[in-house]
Amino acid sequence: MNAVTARIAQGVTSIAAEDWEACSGTANPFIGHAFLSALEASKSVGGRSGWQALPVVVDGPDGKPAGIAPAYAKSHSQGEYVFDQGWADAWERAGGQYYPKLQIAAPFSPVPGPRLLLRDPEQAPALIAALEAVTDQSRLSSAHATFIDPDEVALFEAAGWLIRQGTQFHWKNDGYASFDDFLAVLASRKRKAIRKERAAAVEGLTIRHLVGAEISQAHWDAFWVFYQNTGSRKWGQPYLTRSFFDQIGQTMGDQVLLILAERDGVPIAGALNLIGADTLYGRYWGATEEVPFLHFELCYYQAIDAAIARGLQTVEAGAQGEHKLARGYAPVATYSAHYIPDPSFRRAIADYLVREREAVAEQQEYLGELTPFRRGEHPVDPRRPG
């Protein structure tokens, strides 16, 4: 391997957008320069958030980034969706200091995608080695690359990182021309149940899909209320600041899809999505009025409508949620990679992950039998390595 230079940048905003995207590409908005820099500019990360942006960069012979890892120094384990609080407790009971740790992630976003952003794919081992060096030299307890792309699993494994598996529920587009085409592959009972849910959810409401410049300040004001309502119930306080939504509205353009439910012209609920090259990513939802099934309608069914209309292959509707199964979302495997420098602690985590993987595999097999598809129509999980 030729000599390389690795460095820690002072935030995503310190790297030129064109240099970042030469490594990240534009397919997945959550690892794009616009999204990550909006988190910084809006102070959703930095300050007292517990997320300090410290991208690790490997420069190429031309002096420009050949590989970047979106890394953060973390003083807690919130906003990650891969839960390691038990590891932290165990390490601290043994007399260690778990925080700060190094997190390689898209903050607050349980969205699978690349965590090794590579203009030159041959720099992957160097970038992983740089992450290890940052962890070791800073005497951090650990480094965690969460929701990695399945294609990266082998790269991290080769470097000796521990692999953890989880489950999400994604919808796959099998060339459907309409929502009715999708319903046609479901069992009759499930098909009827979904139609009934959709009719009940939208009664008396108007559903609007707004993209890019169609989203006004008033729309963002309404959505901010929805987001705060959900965030305060789920996390105690919302992760994102109000200005974050203005930032992505200005910088991400037609990658932003806001789906609103209105009663008599007044928004009462909304779901925010980001549009990737082949995937619609559902992220945030909230409402000021309780309407049966409206959450399913805006977050799952309207997302399917939008994906079909755009010819997208997948809808990813966030973390967890076995209730998505009955609505046509199938279980898929997700992965994270973990660098634990201390040998004893690493052995303990490795033993735990063996047992956890067995439980996850059993759960996925069980969940796979609960999908609403007619026999022979079950979608295949394309994300499983090997």
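On a 1 Å grid over the protein atoms alone, a pocket is an open set of points with protein on both sides within 12 Å along at least five of seven lines, whereas a cavity is a set of points where a 1.4 Å probe fits but cannot get out; lining residues have an atom within 4 Å of a point. Grid points are joined across faces, edges and corners, and a volume is the space filled by probe spheres set on the points. The model is predicted, so that local features need pLDDT of at least 70 and side-chain atom pairs count only at pLDDT 80 or more, while totals for chains, interfaces and linings use all residues. Residues are numbered from 1 along each chain as its sequence is written, and side-chain values use heavy atoms, with hydrogens and water left out.

The second largest pocket holds about 400 Å³ of space. Its lining comprises 20 residues, of which Tyr81, Gln165, Gly166, Thr167 and Gln320 are the closest to the centre. Two or more lining residues come from each of strand E9 (162-172), strand E15 (330-339) and helix H11 (343-368), these elements being DSSP runs numbered from the N terminus (helices H or I, at least four residues; strands E, at least two). E9 provides the largest share, six residues. Tyr81, found in the loop between strand E5 (71-74) and helix H3, has a positive phi of about 70 degrees although it is not a glycine.

One cavity of 30 Å³ or more is counted, and the largest cavity has a volume of about 30 Å³. Its lining consists of Pro110, Val111, Gln168, Tyr281, Gly282, Arg283, Glu316 and Gly318.

Helix H2 (residues 33-41) and helix H9 (residues 242-251) have axes that come within 9 Å and cross at roughly 145 degrees, where axes are lines fitted to C-alpha atoms, for helices over the stretch in contact, and angles run from 0 to 180 degrees between N-to-C directions. In this packing, Ala34, Phe35, Ala38, Leu39 and Ala41 of H2 meet Phe244, Gln247, Ile248 and Thr251 of H9, contact meaning heavy atoms within 4.5 Å.

Turning to the backbone, most residues other than glycine have a negative phi, and most peptide bonds are trans. A cis peptide bond joins Tyr99 and Pro100, with omega about 0 degrees, and Pro100 is placed in the loop between helix H3 (85-93) and strand E6 (101-104).
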